[in-house]
Amino acid sequence: MVFFSNYQCVPWARMWPPVSGRARFFLVPLLGRPSMTPRIEALKEPAMWGAAVGQILYSLGPCLGTTITMASYNHSQANIFRANLVVSVSNSLFSVVSGFLVFSVLGYIAETQGKTIEELAKSSGPGLVFIVLAEAVAMMPGPQFFSILLYLMLFILGLDSAFAWIEAINSHISDVLLVNGRVPNRPLIAAATCAMFFLASIVLCTRAGSYWIDLIDHFAGTYLLLWIGILELMLVIFVYGVDRIARDVLEMTGRPVPRSWTVCWCISPVVLAGLLCTTLYEDLRKVYGGYPPEAVYCTMTVIILIGMLPFVVAVWRMLHKPKEVSLTVAQWS
């Protein structure tokens with residue numbers, strides 16, 4: 001399904017995220033009724049802020065290449081201000097609603113089993129979905145029906161994430177071939193990308209797969225996204241230039257970039273760097289998840305090497321000083 005969605009062109013891959021988003025909107029509220037007792041002191045924990053920023057970067061996708069890839073198919077006069085506001089606000093609102101509902105379910109299970117929510121919340125990731133929420137669904141009237149809805153939603157979520165990630169890679173490969181005067185073979189590129197992901201994910205199907213998923217989710221979903229976010233902002237600020245991108249947006253939309261946006265662009269690298277350092281310090285001070293230190297450090301090393309790859313490629317390209325390409329909006333469209 002992933003191959004046939006990406007082998008020809010982007011429209012099929014662009015169709016699924018809205019479908020899965022609507023599925024989440026209708027299916028998740030069926031899990032329970034929201035209630036909450038906030039724990040304000042948790043805001044003092046640096047690890048919580050690092051995980052929160054990593055989650056928002058993951059869900060919005062600015063550091064995964066998916067948002068940039070899908071946005072590149074917009075018309076040159078597209079209202080990016082409205083799109084940015086709608087996507088950001090709707091994503092955050094749904095995250096808040098989902099958090100209320102999930103923790104309502106956790107609270108009910110904790111009450112019936114005589115446990116605390118903290119004990120159940122430790123089963124994050126696969127444990128939360130396939131153990132805790134599965135047990136909650138089993139307590140509902142008509143558990144077979146709600147089980148089908150829950151895992152159908154998870155299946156659709158996995159598909160639309162795979163569609164977007166693979167399309168980001170395929171589009172980049174196709175663009176590189178076009179720049180070098182070669183016609184990209186979309187079916188071949190899609191087949192090679194899908195095969196690469198298939199082979200890389202085999203280890204996740206072993207007995208240790210759930211542990212590797214947890215480690216990759218923690219380190220790649222936090223360190224890697226924070227680092228790529230820092231690199232992207234540094235490129236916008238120091239390489240492309242804030243004034244240039246503001247001028248491009250004005251030419252495209254006819255509206256100047258709000259001053260608050262440019263201020264956020266400039267302070268965000270400092271904030272992300274601070275969160276990255278504090279999160280790294282916490283993981284070095286206490287080994288994550290009680291895993292063997294060698295497994296944790298091995299995962300951290302691989303993630304760091306992957307994160308350094310874009311930086312090394314960018315430095316190599318700058319040293320070779322390629323011819324600068326500057327297109328007007330009319331030429332781009």
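In this predicted model, Arg244 lies over the face of Tyr240, 4.9 Å from the ring centre. Arg255 lies over the face of Phe81, and its distance from the ring centre is 4.5 Å.

Phe81 also takes part in ring pairing. The count of aromatic pairs comes to five. One of them joins Phe81 and Trp261. The ring centres of Phe81 and Trp261 are 5.2 Å apart, and the planes make an angle of 45°. This pair is classed as tilted, because stacked pairs need planes under 30 degrees apart and edge-to-face pairs need over 60. The pair links distant parts of the chain. Phe81 belongs to helix α5 (residues 80-113), whereas Trp261 belongs to helix α11 (residues 259-285). The two residues are 180 residues apart. Trp261, at 28%, is partly exposed.

Phe219 and Tyr223 form another aromatic pair, and this one is stacked. Their centres are 5.5 Å apart, with 15° between the planes. Both residues lie in helix α10 (residues 209-253). They are four residues apart, so about one helical turn separates them. Phe219 is buried, with a relative accessible area of 0%. Tyr223 also counts as buried, at 10% relative accessibility.

Helix α3 (residues 46-60) packs with α10 at an angle of about 75°. The axes of α3 and α10 are 8 Å apart. The two helices are therefore roughly perpendicular to each other, because angles of 65 to 115 degrees fall in that class. On the α3 side, the contact involves Gly50, Val53, Gly54, Leu57 and Tyr58. These residues meet Gly221, Thr222, Leu225 and Leu226 of α10. By residue type, the contact of α3 with α10 comprises five nonpolar and four polar residues. No charged residue is part of this contact.

A buried serine was examined in another helix. Ser171 lies in helix α8 (residues 143-179). Its relative accessible area is 7%. Ser171 is therefore buried, because the class takes values under 20%. With neighbours within four places in sequence left aside, Ser171 is in contact with Thr69, Tyr73 and Arg186.

Conventions:
Residues are numbered from 1 along each chain as its sequence is written. This is a predicted model: local features need pLDDT of at least 70, side-chain atom pairs count only at pLDDT 80 or more; totals for chains, interfaces and linings use all residues. Side-chain values use heavy atoms; hydrogens and water are left out. Rings of Phe, Tyr and Trp (its six-membered ring) pair if their centres lie within 6.5 Å; planes under 30 degrees apart count as stacked, over 60 as edge-to-face and the rest as tilted. Buried means under 20% relative accessible area, exposed over 50%, partly exposed in between (1.4 Å probe, protein chains only). A charge sits over a ring if NZ of Lys or CZ of Arg is within 6 Å of the ring centre and within 35 degrees of the ring normal. Axes are lines fitted to C-alpha atoms, for helices over the stretch in contact, and angles run from 0 to 180 degrees between N-to-C directions. Angles under 35 degrees count as roughly parallel, over 145 as roughly antiparallel, 65 to 115 as roughly perpendicular and the rest as oblique. Contact means heavy atoms within 4.5 Å. Ala, Val, Leu, Ile, Met, Phe, Trp, Tyr, Cys and Pro count as nonpolar, Asp, Glu, Lys and Arg as charged, and the others, Gly among them, as polar.
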